[in-house]
Structure formats: C-alpha cells, structure tokens
Amino acid sequence: MKLRKKNILHFIALIILASCIDPYNPPIIDNELQLVVVDGSIDGISSAHVRLTYTRSLASDAPAPVITDAVVSIQAELGNTTSLASEGNGNYSTIAGSFVPGTRYRLNFQINGKQYQSEFVPFKETPPIDSLNFKTDADELTVRVFTHDDSRNSRFYKWGYNETWEYQSPYVAS
C-alpha cells in the first residue's frame with residue numbers, strides 16, 4: 001500500500017511539473033541586414049560549385065534572395081585563378097578547373113563593387129571508399145558510406161549521390 005501511494009504521488013508531481021512548461025518564443029530579429037551566405041565546394045579534380053545568397057528575416061517565409069551578378073573565382077596559393085560562370089539562380093560553377101590535392105585555395109568574389117575573399121584552405125583528397133551499403137525502411141532509403149584516412153588529416157567528408165531509378169513493367173510492349 002505504501003509503494004502504491006508513493007507511485008501515485010510521483011505521478012501527480014510529474015503531471016504538475018509537465019504542466020508548468022511554457023514554450024519559449026524568441027524575439028524575432030526583424031532587420032533588413034543583408035549578409036552574404038556562401039555555400040560551395042570543390043568536387044573532385046576539375047569541378048567547383050558555389051551558391052551565393054543573402055540572409056533573410058526569420059519572420060519571412062520567402063526563399064533567401066539569390067545573388068546573380070557576382071564575379072566569382074577560385075585562386076590557388078601559387079597564383080593561378082579559375083573563374084566560375086553564372087548558371088543563374090545564385091549558382092556559379094566550373095568544370096574546367098585544375099585542382100590539385102594538397103594545394104591551398106581560396107574563394108574570391110565581387111558583388112556590386114565590393115570584394116570578398118576567404119582564407120586559403122587545403123584541397124584534401126578523398127580516400128577510397130571502404131564499404132557502401134543501404135537500408136530501406138518503409139518509404140525511406142538510408143545510404144551509408146564508410147571510409148578512413150590513414151594519415152588522419154581529415155575526419156569529416158561530404159558525400160552526395162544522384163538518384164537513378166529503373167522501372168520494370170509487368171507488361172510487354174508490342
């Protein structure tokens with residue numbers, strides 16, 4: 001009987017504590033400050049992709065404004081520069097680059113006469129894939145890639161893939 005009373009008291013205390021939780025709604029920063037957002041990477045030996053946008057208000061449901069009139073390039077520490085062409089919608093890319101693993105590169109871009117420049121960072125060579133597997137669960141597909149770097153120069157990699165589907169009809173075309 002004593003244990004039952006104790007359990008009931010714990011249950012009542014839990015209900016009281018749970019009902020005291022108030023949601024936190026942070027004050028919305030509503031300013032028109034336009035900061036530049038850069039999202040990009042060097043993919044493999046010859047291609048690079050950069051997307052340039054401006055920040056937007058937290059209260060806005062509109063997509064981030066894209067930057068379509070920038071002059072974008074990637075510069076090697078040794079001095080050679082590769083220009084990126086505008087693809088529209090804030091995307092800039094090149095497939096004619098010559099990026100050498102181990103060399104340090106930086107991103108340069110100019111928007112409305114204002115010059116921006118990143119720090120030099122090394123282009124790291126991606127180690128070979130150790131294993132690749134996938135798991136399906138209802139309507140979800142999880143792809144897992146495993147690799148390692150024996151030199152321990154890098155522990156984090158960004159992997160991407162393009163979906164390709166094959167459909168097989170039970171009917172024969174005539």
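Two strands pair if DSSP finds at least two bridges between them, and strands here are DSSP runs of E with at least two residues, numbered from the N terminus. Welcome to a predicted model, where local features need pLDDT of at least 70, side-chain atom pairs count only at pLDDT 80 or more, and totals for chains, interfaces and linings use all residues. Residues are numbered from 1 along each chain as its sequence is written, and side-chain values use heavy atoms, leaving out hydrogens and water.

**The E9–E10 hairpin**
- Strands E9 (residues 129-137) and E10 (residues 140-147) run antiparallel, paired over eight bridges.
- Within this pairing, Leu-132 sits opposite Val-145 of E10.
- Two residues lie between the strands of the hairpin, and Ala-138 has a positive phi near 55°.

**The nonpolar core**
- A nonpolar core joins buried (under 20% relative accessible area, 1.4 Å probe, protein chains only) Ala, Val, Leu, Ile, Met, Phe, Trp, Tyr and Cys residues through side-chain atoms within 4.5 Å.
- The largest such core holds 17 residues, and Leu-52, Ile-67 and Leu-84 are among those with the most contacts inside it.
- E2, strand E3 (71-76) and E6 each supply at least two residues of this core.
- Beyond its neighbours within four places in sequence, Leu-84 is in contact (heavy atoms within 4.5 Å) with residues including Val-50, Val-72, Ile-74 and Tyr-92.

How values were computed
Helices (H or I, at least four residues) and strands (E, at least two) are DSSP runs, numbered from the N terminus. Buried means under 20% relative accessible area, exposed over 50%, partly exposed in between (1.4 Å probe, protein chains only).
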